[in-house]
Amino acid sequence: MSPAPTDPGEAPPAPVRTGAVVPVLASAGITVALMQTLVIPLVPELPKLLHATAAETAWAITATLLAAAVATPIMGRLGDMYGKRRMLLISVGMLVTGSIVAALSDSLTPMIVGRAMQGLASGVIPLGISIMRDELPSERLGTATAQMSASLGVGGALGLPAAALLAENFSWHTLFWVSAALGVIVFVLVVSFVPESAVRSGGRFDVPGGVGLSVGLISLLLAISQGATWGWTGGRTLGLFALAVVALIVWGWWERRTDEPLVDLRTTARPQVLLTNLASMVFGFAMFAMSLVLPQLLQMPKATGFGLGQSMLASGLVMGPSGLVMLLTAPFSAKISKTRGPKVTLMLGALVVAAGYGVGSVLMSSVWELVLVSLLIGAGIGLAYGAMPALIMSAVPVSETAAANSFNTLMRSIGTSVSSAVAGVILAQLTITLGGSTLPSQNGFRVVLLIGAGAALSALAIASFIPARKTAEAPILEAAV
């Protein structure tokens with residue numbers, strides 16, 4: 001559907017407001033991404049803190065994953081229909097509420113509820129990118145969207161050392177009070193500095209589409225995340241996979257026939273959008289291997305012969321610089337995309353990530369080597385993540401920006417979820433015994449790193465088939481016609 005008409009003579013947003021839009025939205029993205037690693041320092045202690053089993057407390061992480069999968073595409077579509085700033089504020093409000101619920105919890109149920117509400121805020125990053133497209137002049141858009149897209153990785157990388165520092169020195173409830181405070185600050189900043197876009201598609205929300213996609217995604221991700229615990233050939237796991245396939249097929253059938261779909265599959269099927277989403281999913285798979293392997297190598301006992309015996313805080317500090325590199329790489333990503341096209345930027349980012357994993361499979365015997373590996377991979381992620389929204393936005397109508405970016409973010413999340421499951425299986429099979437305990441072996445870590453390199457190269461291969469961008473003159477000629 002065409003966006004609501006706007007006045008051609010309407011004045012551009014005031015400079016003071018557009019000047020603040022980028023840092024405010026990037027801060028919102030980083031704050032939401034922090035939720036990914038917020039509870040990692042608490043995982044070994046959660047059974048004791050919440051008076052539950054380890055299998056039960058794992059839902060504190062799974063609930064966030066499932067809620068994010070549902071919220072991301074739905075909030076993107078609602079943003080296109082009713083206002084991106086409005087949906088962004090609702091998302092941040094859910095983060096604050098969920099953080100408060102978790103901070104007040106001393107048992108499993110309220111913790112799971114709070115973590116699920118934090119997951120519902122995951123639409124902030126694609127909504128923020130879409131707001132930038134509506135509000136910023138074209139010369140600033142590339143760098144701004146690259147920074148916003150990279151905030152997903154930045155928040156995850158910076159969250160680990162920050163969470164470890166708080167967990168080691170304060171009550172575990174402090175983690176959630178701090179996240180609530182950050183959410184309140186972001187909410188106030190968005191209200192103060194981010195304007196509401198006049199670009200809206202209107203129409204009715206596709207309720208059957210939302211339900212169908214939610215059932216399919218929840219079934220798929222639940223089977224992936226719990227398969228190792230339930231057994232990959234167990235009835236629950238296979239039943240959920242089967243339900244996911246059926247639900248997504250029915251959802252696709254419905255989306256093709258309804259007039260106002262949740263996701264316009266015709267647009268999604270365009271080669272540039274389809275291949276970018278596929279590359280994003282594979283790249284998400286590659287990216288997560290770093291988060292799984294490097295912290296474990298750093299914290300493994302030295303008695304293993306390859307572990308570095310570092311604390312959670314120290315390992316977080318090793319990972320932290322990669323987040324800063326992602327942010328610093330964003331302007332270079334935008335510059336390469338402007339001169340050579342975002343396709344080239346995505347391919348270059350995938351190549352750098354593959355090189356980082358290749359180096360990591362050889363250099364893993366000291367802290368400085370893992371710092372180097374994390375910096376290389378972080379630089380590649382910063383390049384690639386900056387290119388993905390540029391490829392998506394250049395191929396979809398303005399009225400579908402938020403929904404399209406949200407779907408792309410969802411593809412990355414599915415890739416990371418699959419990566420976690422695959423790496424978990426590998427590390428559970430390739431083990432050593434130390435003091436009566438079973439631990440992943442060095443070969444297991446090396447295999448996961450090499451699979452990460454292979455996934456990054458696969459993303460590069462997929463990206464190579466993305467149609468080349470039009471020349472700079474093409475849009476001008478089309479506008480003249």
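Helix H7 is mostly covered, with 11 of its 12 residues buried. Buried means under 20% relative accessible area, exposed means over 50%, and partly exposed is in between, with a 1.4 Å probe and protein chains only. Helices are DSSP runs of H or I with at least four residues, numbered from the N terminus. This is a predicted model, where local features need pLDDT of at least 70 and side-chain atom pairs count only at pLDDT 80 or more, while totals for chains, interfaces and linings use all residues. Residues are numbered from 1 along each chain as its sequence is written, and side-chain values use heavy atoms, with hydrogens and water left out.

Back to H7, which covers residues 124-135. From first C-alpha to last, H7 reaches 16 Å, close to the 16 Å expected at 1.5 Å a residue. The expected span is 1.5 Å times one less than the number of residues. Among the buried residues of H7 are Val124, Pro126, Met132, Asp134 and Glu135.

How many salt bridges does the structure hold? There are 4. A salt bridge here is a side-chain nitrogen of Lys or Arg within 4 Å of a carboxyl oxygen of Asp or Glu. Asp134 is linked with Asp80 and Lys84 in a network of salt bridges. Between Lys84 and Asp80, the closest N and O atoms are 4.0 Å apart, and both of these residues are buried.

Next, Glu260 and Arg204, whose side chains meet in a salt bridge at 3.8 Å, N to O. Glu260 sits in the loop between helices H11 (235-257) and H12 (265-268), and Arg204 in the loop between H9 (173-193) and H10 (207-230), so the pair ties together parts 56 residues apart in sequence. Glu260 counts as buried, at 17% relative accessibility, whereas Arg204 counts as exposed, at 65%.

Lys48 pairs with Glu45, with the closest N and O atoms 3.2 Å apart. Lys48 is exposed at 59%, and Glu45 is partly exposed at 35%.

Glu369 is in helix H16, residues 367-393. Glu369 is buried yet has no salt bridge, and the nearest side chain of opposite charge, Arg446, is 9.1 Å away. For charge, Lys and Arg count as positive and Asp and Glu as negative, while His and the chain ends are not counted. What lies 3.3 Å from a polar atom of the Glu369 side chain? The backbone nitrogen of Met364 does. Leaving aside neighbours within four places in sequence, Glu369 is in contact (heavy atoms within 4.5 Å) with Leu363 and Met364.

On to the nonpolar cores. A nonpolar core is a set of buried Ala, Val, Leu, Ile, Met, Phe, Trp, Tyr and Cys residues joined through side-chain atoms within 4.5 Å. The largest one has 125 residues, and those touching the most other members are Phe176, Phe283, Leu346, Tyr357 and Ile381. Helix H13 (residues 271-299) gives the largest share of this core, 13 residues. Apart from it lies another core of 5 residues, including Val273 and Ile392. Beyond its neighbours within four places in sequence, Phe283 is in contact with residues including Gly349, Val353, Ile381 and Met388.

Last, a backbone detail. Most residues other than glycine have a negative phi. His51 is not a glycine, yet its phi is positive, about 60°. His51 lies in the loop between helix H2 (46-50) and helix H3 (54-57). Is His51 buried or exposed? His51 counts as exposed, at 67% relative accessibility.

Technical notes:
Helices (H or I, at least four residues) and strands (E, at least two) are DSSP runs, numbered from the N terminus. A polar contact is a pair of N or O atoms within 3.5 Å; within protein, one must be able to donate a hydrogen and the other to accept it, and residues adjacent in sequence count only if both atoms are side-chain atoms.
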